[in-house]
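Today I am opening my notebook on salt bridges.

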Amino acid sequence: MIRALGYFIEIIRGSLITARHFMANMFFHILKVLGIKTKRKGAVTIQYPEEKKELASRHRSLHRIMTREDGQPRCVVCMLCVTVCPSECIYVEAAEDPDPEIQKRPSQFVIDLNRCCFCGFCVEACPEDAIRMDTGKVEIAQYDRQDLIYDLDKLKE
Amino acid sequence: MIEFLIPLIKVILALVWLLLLTLYVADWVERKESAIIHDRIGANRASIFGLRMIGLFQPFADAIKMIFKEDFTPSFSRKFLHSLAPFLSFFFVAVTIAAIPFGDTIRIGSRIIKLQVLDINVTLLFVLAMMSLGIYGVILAGWASNNRFSLLGGIRGAAQLISYEVAFGLSLVGLIMIYPSLKLSSIVHSQGELLFGFIPKWGIFLQPLGFIVFLFAALAETKRVPFDLPEGESEIIGFYTEYSGLKWGLFMMTDGMEIVIVSTLMTTLFFGGWQVPWLQADGFHWPWGGEWFLASWIVVILQVLAFNLKVFFFCWFQVLLRWTYPRFRYDQLMDLGWKLLIPLSLVNIVGTGIIMSL
Amino acid sequence: MKEKILTKNFGLKNSFKIDVYLEKKGYTAVRKALKEMTPEQILDEVKKANLRGRGGAGFPAGVKWSFVPDVDKPKYLCANADEGEPGTFKDRYIMAHDPHLLIEGVIITCFCVGIHHAFIYIRGEYEAVALRLEQAISEAYEKGFLGKNILKTGFKLDITVHRGAGAYICGEETGLLESLEGKRGYPRLKPPFPASIGLFQCPTVINNVETLSNVPAIILKGADWFCQQGLPGDGGTRIFGVSGMVKNPGIYELPVGTSLRDIIFKHAGGMKEGKTLKAVIPGGMSAPILRADEIDLKMDFDSLVEAKSMLGSAAIIVIDEETPILEVLKAVAKFYSHESCGQCTPCRIGTSWINKIVKRLVQGKGEQEDLKAILRLANNILGKTLCPLGDAAAMPISSIVEKFNDELESSLIQ
Amino acid sequence: MIKIIIDDKTVEAKEGTTVLSAAKLAGIQIPHLCYHAAFIPEGSCRMCLVEIEGFPKLELACSTQVKEDLRVWTQSKKVTEARKGVLEFILAEHPLDCPICDKAGECKLQDYYEEYGLFESQFKELKEKREKKVSIGERLILDRERCILCTRCVRFLREVTKTQELGVFNRGVRSEISTYDGELVDNNYSGNLTEVCPVGAITDTDFRFQIRSWFLQKGDSICPLCSRGCNISIEYHPGFARIPRKKRVYRITSRENLAVNDFWICDLGRYAYSYLDENRLSNFLSSLNGKNKRFDQESALQFAAQKIKKLYDKKKISRMTLILNSWLTNEELFLVRKIFRDDLRMQRIFMVDPSQGEKDKMLLTSERSPNRKGAEEIGFDFQSLDFKGLAGKTDVLVMFGEYLLDLASLEEIKAVLEGIETSILFSSKESALVSLFGLVFPTALAAEKSGSFTNCEGKIQSFEPVLESWGESRPEWQFLLELSRELDINSNYYNQIESTTAVLEKMREEISFFQKEK
C-alpha cells in the first residue's frame, strides 16, 4: 500500500513533467503566433519542405554519372557496379568507343531506383570514379514506377 | 409537432457536438498535444486552398481518408459479426451523450427547454449500463476476426472492462449517497450549492477518494494508454487488428468518444457539470458579498461554456496522461483494479456513510 | 713466350691465301687426322688436350663431341663465328688472317664426329671477312681439302658460310641454330641439347671459331704439348682482345693463365698517357667488372669464377678514371635491352626496365631506391631466363652497381 | 611408371611426362602461362620454374621430363620468389585494365597475381605504348599492350592448324604479335585463339564487351552442328531478377576431350550459338480451330495418338509416313524404333537431314547433324524419300525437324501436305513449315535435353541438359514416351522407362553396338 502510494507520487511527478513541457512549449508557440520573437522556440524539429537540413558530405543521395571533359560518361563498362550491387538494380550495356585508349563506353546505363537500396557499393566499386552519390537529391519519389528507372541521360544531369 | 422537433434537434445537436469534439480530441488534440509535449509542432499540413489553420483541417482529412480506404474483411471471418462489432461499440458509447446535461434550461418564448436530451430518473444508471454494453463490440471484434491474436485481445479487453466496471460503479456510490439522486440533472443542480458558504459543493470536494477511484476506473474504461492492453497497437496484437477503413475508423472514433464521455461524466459528477462557481440563475453572488446580475441568456451561455471548458480540460488531461505513462503489465492492471481500486471504493462508501451519519 | 698456335701466321703477306698457308705446313694436320688416325683417336686426343670452349662458357670441346649420338640422321657442325659480344674481335682476326686454320679445324672435327656438312655462321657485319672466308673455302675445294672425296680418303665434307643478320642472340648456340634454320633467332629450350637434337632436328656440334682453330695444333703436336701451353685442366693459349684506354689495343695470343695485370701493363703497353686504371671488364661485356685493385689474377676460367667474374671470350675492356661508370652502366644496359630477343619474360622486360631506370640515372633523376631496384631486378633475371643472355645482362649490371655504388650514388638526387 | 617426389608427395607418372603434368595428376597446380598441353613447351613465360634437387638453378616444370627419384619443390621460398619476380616483370608492361578486360575473371595472369603477386608496384617508368585494337582476323582483335608474348597463338597456328598466320615481330621489349603483311588469320579454328590466349590480348568481336565472364554459368554439352560431336561448354547468363537479358547464351567454348576434339572446336560450332536463342518455337500449335492457334500439350498428344491409333486399328498403318532426322539422340531414335517399327509395325520411315556442308581437315565433317551414325546403328535402313510421291499414299505424316525445306520448295511441300489428312511436326524452330502442318509440337535442342549422340567415329557421348527448356518445348523422348502411353501399346515395356538413362539401359540390352562402351 505504501509502495503503491510511492508509485502514486511518481505518477503525479511524471504527468507534471509532461504538463510542464506542454505549458512551456505552448507559451512559446503563443508568443510566436503573437509575433514576439524569442530565443527559444516551441519546437526543436525542422520544418522539412520549407527548412532543409544540410546533408552530411558522406550522405548517399541520388546517383549521378560523372563525365569526362568531352562530355562522355567516365564509365568504362567494367560492370563492377553491376557485380557488386546487392539489389541487382544496375544494367549496363557496352559499346565500342572510337577512342582506342578507352575501348568501352556505355550505350546503356540504367539504374532501377525502385530496387536500389542506396548502399553505395557501386560508388565504392567504381574504378573510374564514374558513379557518385553526391547530388544531394533525396526527393526522388514518383507517381509512376517507370519514372524511377533512370537512364544515362537522366543520370548525367 | 414541435414536441417532436425539439428532442430531434436536441439529439442532432448533441450528436454533432459529440462527433465534432470526438474528432478533434481524438485527432487534433491528440496529435498537437503530443507534439507540443515532444517539442514538436505536429500535424499542420492539411489545408484548404492553401489555408492551413495550424492543422485544424487534419481531422477532416483523416476522416475522408478513412472513408475511402479499402475496407478489408478477412476470409473465414464471420462477416456479419465482423461488421457489426464496430457499430455496436460506437453505438453504445454514442448513446450515453443523451443523458448528459449541457446546461440548465433555456426559455424560448413560453417554452422551457432542458439542455439535456434524456432527463429520466436513472440517467446515471443509464450511462453506466450503456458503457458496460460497449464490451460487446470488443469481444465481437476479437472473435469475429478469426484471428487468435485478435481473440486474445478481445478477451483481454473484456476481462479488463468487466474488472474496472466494478470499481467504476462503486466509486459513484458515495456520490449518490451525498446527492441522493440517480438523476444527473439533479446531481448537477445539487452541486450548485455552497459548502461553508463559499466552496462550491462539487463532487471533487466532497468525494476526493471517490474521484480518484473514478478517474482510474474511467481511464481503464477508455482502453487507452496506460490501460491499452486490449489493443496495444505498438507491441501486442489486439482485437481490431483485422479491421481497416471505415470500420477501423469507428473503433478509433469510439476510443475518442470514450474520452469525451468520460470527461463529461467527470465534469458532471465531480466538477459541477455546467455550474459556474457562485453563478446563480440571476447572476453572480460573490461569497464575500456583492452581486453581479446578468441576463438569463448570458447565464445559460456562461453555463454551457463552463461545461465545455471543463470537458475540454479533462479531454486534455486524459491525452496528457496517455502521452506520459507506459502501459501496465496485465497482472499489474488486474492488481490495480481488484486489489486497490475496489477496496478503496469500498472504503470510500463506508467512510462517506460514517461521515454522513455523524 | 711459348709457341703461338693461332696467330702464328698473322702478319705474313697474304696469310689468308691457301698457298701461304700450305707453305707454312698448313693442312698437315688434316692429312694426319684423315689418313693416320681414327675418329676415336682424335676424340681422345682432343679430350686429353683439355681444350675448353673459347666462346665463353668453357665447356670441354672433346666432351661436347662425344655427346653426339650415333643415330641414323645427318649430323652437322656449326662454327660459331657470330662474334657479337662487345669488346670481342678475336674470331674476326682468325678468319681474316688465317681462315684456313679454321677450315682445317672444321675438317678434323667433322671427321672426328662423322659430319658431312658444316656451317660457319658468321656475323652479318663481317662482310669482308665472310667474303675472304668464302674465298678460302673455294680454294680448299680446289685443292681437294673439301668436297666429296677429301684427300682421296672417301671422306665427304661441305662447308657453307652463313651470314647472320646482326642479332646478338644468334651467337647463343640454339638461337644460332634457329637462325640457321631460317627462323627467328629465338634460343631453344635445353634439354634437348643440340648435340642430340640440333640443326634440323639432327645432332649438331657447335663450336667457337677459336676452339676449332686450336684443333689442328692438337692433332699435329699432340695433346700433351697443347696442355703444357696453358694450365692443367685448361690447355692451350688464348687470344686476348684488349681494348679501351691502353697504349696498344689489339689481340695478344698468350697462354691461358697469364695475369691480367701483365696483359694490360706488359703486353698492351699499359695505360694511355695520363690515364689511370679504374676498372677492367675481363671477358667481354657480359663479364662482371673488376676494380683496379682486383686485376692481379690469372686469366683462366676457374680463377675468374673465383673472382666472381668470368673469362668469357677473353675480351679485356680497360676503363680509366675519367670515364664515368654511369656511362659504362648505360652502355651495358642499353646493349642488353636492345639485344634481348624478347622470348622469355625476365629478360625481355627486365633488361628494358633496367635500361629505363639507367636512362633516368643518366638524366640525373635517379633516387636511392633506383640502385636497389636495379640490383633486385638483375637478381630476378639472373638464372631465370631461357638462355644465358639474361645472366649475361644481369651479372655485369649488378657487379657495376655493387662495386661502384659510391660513384653512382653521387649522381643521384640528393 | 616412374616415381617422383613433388612437395613430399610421391607421384607416379609415365615416362616422358613432364613435371608439370605429373604434378597436375597429383593435384599440385604449378602456375604456367605459355605452356599448353597441346603444344611443344616453349618455356618463355618462366612462371613454371620449380626447384629440383641437384640442379643449381630453378628448372622449368613444363619441359623437364620426369626421372626416377626426382625431388621437386613447387612451393619453396626460392620458387615463390621467382614467381613473384616473373609476375612483377609481366605486370610491368601489362596494362592494369582488368576492369575493362574481357578476360578478367578467367585470366590466368590475374589469378596468379592474386596468389603470388607483389602488391606494391615499384615500376616508376612509362609503359611501352602499343596498339590496342588490331584486327588480326575477321572476328579477332588483338590488344598488343595486354599481350605477354607467351606465343601460344603463334604456336597454335603453327602446330595445330598449321596455317601459320601469326608471328612475333621485332625483338626485346618491342616484340609484338602480328599477322604477315596484309593477311588475316583466316581458318576455321581462329576462335580457339581467344581461348588459347591466357590473358585478354586476343578477343573476338562476338563476345567482346558483351558481358563479364563471372556472370556466366557453364554447362557441358555436345556440339550438334556436325557429326564430330565436339565437346563444348555452353556459357549462359541465368539472368537477373528483374532485368531481362537479350540472349541466354553468350558463347560456346571448347571442352577438353583428347579422344574427340582435343582442346579445340571449329568456328562454325563456336559462333553459331545464336541458334539456341533465335527463331525458337515456344508453343504447341494447331490448325484444328483456325490458323495455327495455340494448343495445349495434352490435347496435342491425344489428338496425335488418336489419329495414329485409328490407322493402326484399321490395319492401315502402311498409310502412315514417318520422317526422322539425325539431330535426334540415340535414345529418341531407339524409342522411335520401338514404338513405330517394332510395335506399330510401320515400314515407311525416312530420314531427312540438313544438306551437307564443307568439311575441313581437322574436326568439321560434311554432315551437319550429330547422330547419323547412331541412327544407322540403331537399325534403320533408310530409303530415299520421294516426297512428292507421298500425296495419295499417306494419311498421317509425322515429321521430326525442319530440314524438308532443303529437299523441296515451299509450294511443293504445301501441295503435298494439302493431300494428307493429318500432318504432325516436331520442330524446335519457327520455320516456314510450321504454318503448313496441322499440328506442331515445340521440341528442345540438344543443349536442353539429356541423351547421347554417336559421332562419326562411333563414339557414344552422353550429355545432360544445360539450359532450361524454351517456352513450352520439351525433349522429343518425353513426347515419344507419352505418345506411347496414349497409344496404349506394349505399355508394360514403356512404363519401365522414366529417363534417358533407362532408355540407354534398354538399348544396351537390345543392340550390341551400344554394349561396347560403358
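I began with Asp62(B), which is buried at a relative accessible area of 9% (buried means under 20%, exposed over 50% and partly exposed in between, with a 1.4 Å probe and protein chains only). I noted that this is a predicted model, where local features need pLDDT of at least 70, side-chain atom pairs count only at pLDDT 80 or more, and totals for chains, interfaces and linings use all residues. Residues are numbered from 1 along each chain as its sequence is written, chains are lettered from A and ligands numbered from 1 in the order in which they are written, and side-chain values use heavy atoms, leaving out hydrogens and water.

Asp62(B) forms a salt bridge with Arg31(B), at 3.2 Å from N to O (a side-chain nitrogen of Lys or Arg within 4 Å of a carboxyl oxygen of Asp or Glu). I found Arg31(B) in helix α1 (residues 2-37) and Asp62(B) in helix α2 (residues 58-68) of chain B, 31 residues apart; helices are DSSP runs of H or I with at least four residues, strands are E runs of at least two, and both are numbered from the N terminus. Arg31(B) is partly exposed at 33%.

Next I looked up Arg144(D), whose salt bridge with Glu176(D) has its closest N and O atoms 3.5 Å apart. Arg144(D) is buried at 7% relative accessibility, while Glu176(D) is partly exposed at 21%.

Glu322(C) is exposed at 57%, and Lys275(C) is partly exposed at 26%.

How many salt bridges are there over all chains? I wrote down 88.
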